[in-house]
Amino acid sequence: MTVTATGDVGTTLVIGATGTTGSRTTAQLTAAGHRVKAASRRATQLPGAEPVRFDWYDPATFGAALDGADRVYLVPPVGDPDPAAVMLPFLHRARAAGVRRAVLLSSSAVPEGGPAAGAVHRALPGLFEQWAVLRPSWFMQNFTGTHAHADSIREHGVILTAAGTGRVGFVDADDIAAVAVHALTDDRAPDTDLVLTGPEALSHDDIATIVTQVTGRPVTHHHLTHDELRDRLAALMPREFATMLAAMDRAIADGAEDRTTDTVQRLTGRPPHSFRTVAERELTPRG
Ligand SMILES: NC(=O)c1ccc[n+]([C@@H]2O[C@H](COP(=O)([O-])OP(=O)(O)OC[C@H]3O[C@@H](n4cnc5c(N)ncnc54)[C@H](OP(=O)(O)O)[C@@H]3O)[C@@H](O)[C@H]2O)c1
């Protein structure tokens, strides 16, 4: 199957289709009438999509997932410090199987050639004629979904970080998905990396204030030191990963994420959602 300049854009394999960005990308693609193969380890059925079993660590699942796909949305294996080890062999197979366009989910904190997905980012333009690397800032859904921040807000009314008063251009996962859909289906692929943010940079104190206002339940931001955060996290995960997450908070404290970009507006034609809008959508009881 080939990518055509207009009309039918073929079939997208969405890897991580049950996750925060993959589920939204799948939903927006199918709502727009595009064919989707929704890949996850349990081949979960999602509305309007064809489920397919896929495991980064089981190459025997690659062939059936790639069958008929001409483009792919790539969520790296979660928590793997060297995702390129499993992703690059898959991407070579994908190219051989007829995939022409690849859109990789990376992070604003990870430059081309950097750690984690950075090595895949560097390889992507050499593998595919059409490509994009999405580099979102921190997700707004970290405070509303199943992330540790959301759990600690619900259970204890606190957000624990070592980010101090550093600000972050938090971005809505719906907006990441909207950009992913354009990057996957527009006639011309971006062929570049795209740093995605929301409309404003907010501190975690600002987030606590907005969650308090929206839910009516008091939420406070506890400022931890880098070492306090690392030691807390190390009780829950490998120390190497805990150290990396604590270092990311320190980078926020130092201003690394204090920026906004116009990428969501430029690719989708509408402004990105604010954190207040997302909190009202996802934290207020319905019905
Ligand atoms: N959270 C943030 O603030 C933030 C900011 C910037 C970038 N990011 C990046 O976002 C990525 C996470 O993306 P996300 O939030 O969309 O994902 P997510 O919600 O963590 O979901 C992960 C997805 O991957 C699937 N998965 C897990 N292990 C797998 C395996 N071995 N093989 C195949 N699929 C597997 C899961 O499906 P099943 O379990 O059903 O198989 C699920 O669909 C990370 O790479 C992170 O670096 C996050």
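Q: Let's start with the ligand. How far is a backbone N or O atom of threonine 20 from an oxygen atom of the ligand?
A: The distance is 2.8 Å. Keep in mind that this is a predicted model.

Q: And what about the side chain of threonine 18, how far is an N or O atom there from an oxygen atom of the ligand?
A: That pair is 2.7 Å apart. Phenylalanine 139 also takes part, with a backbone N or O atom 2.8 Å from an oxygen atom of the ligand.

Q: How much of the ligand does the protein bury?
A: The protein buries 80% of the 920 Å² that the ligand exposes when taken alone.

Q: Which residues come nearest to the ligand?
A: Thr18, Thr20, Thr21, Arg41 and Phe139, out of 24 residues around the ligand.

Q: How do the residues of that shell divide into nonpolar, polar and charged?
A: Eleven are nonpolar, eleven are polar and two are charged.

Q: Which helix gives the most to the shell?
A: Helix α1, residues 20–31, which supplies three residues.

Q: Changing topic: which residues touch the most other members in the largest nonpolar core?
A: Leu13, Ile15, Leu74, Phe90 and Leu124 do, in a core of 28 residues. Several elements each supply at least two residues of this core, among them β1 (11–15), β4 (71–74) and α4 (118–127).

Q: Which element gives the most to this core?
A: α3, with six residues.

Q: Back to Phe90. What does phenylalanine 90 touch, not counting residues up to four places away in sequence?
A: Phenylalanine 90 touches Leu13, Ile15, Phe54, Trp56, Phe62, Leu66 and Leu74. There is also a second, separate core of 25 residues, including Leu46, Val75, Phe139 and Val181.

Q: Now asparagine 142. Where does asparagine 142 lie?
A: In the loop between β6 and α5 (148–156).

Q: Is asparagine 142 buried or exposed?
A: Buried, because its relative accessible area is 10% and the cut-off for buried is under 20%. Leaving aside neighbours within four places in sequence, asparagine 142 is in contact with His147, His149 and Ala150.

Q: Last one, alanine 251. Which helix is alanine 251 found in?
A: Alanine 251 is in helix α9, residues 239–253. At 30% relative accessibility, alanine 251 counts as partly exposed.

Q: How far apart are the C-alpha atoms of alanine 251 and tryptophan 131?
A: They are separated by 28 Å, and the two residues are 120 residues apart along the chain.

Terms used. Residues numbered from 1 in each chain as written. Predicted model: local features only at pLDDT ≥ 70, side-chain atom pairs only at ≥ 80, totals over all residues. Heavy atoms only, no water. Core = buried A, V, L, I, M, F, W, Y, C linked by side-chain atoms within 4.5 Å. Buried < 20%, exposed > 50% of the residue type's maximum accessible area, 1.4 Å probe, protein only. Helix = DSSP H or I, 4+ residues; strand = E, 2+ residues; numbered from the N terminus. Contact = heavy atoms within 4.5 Å. Near = heavy atom within 4 Å. Polar contact = N/O pair within 3.5 Å; in protein donor to acceptor, adjacent residues only side chain to side chain. Areas by Shrake-Rupley, 256 points an atom, 1.4 Å probe, with all protein chains shown as cover. Nonpolar A, V, L, I, M, F, W, Y, C, P; charged D, E, K, R; others polar.
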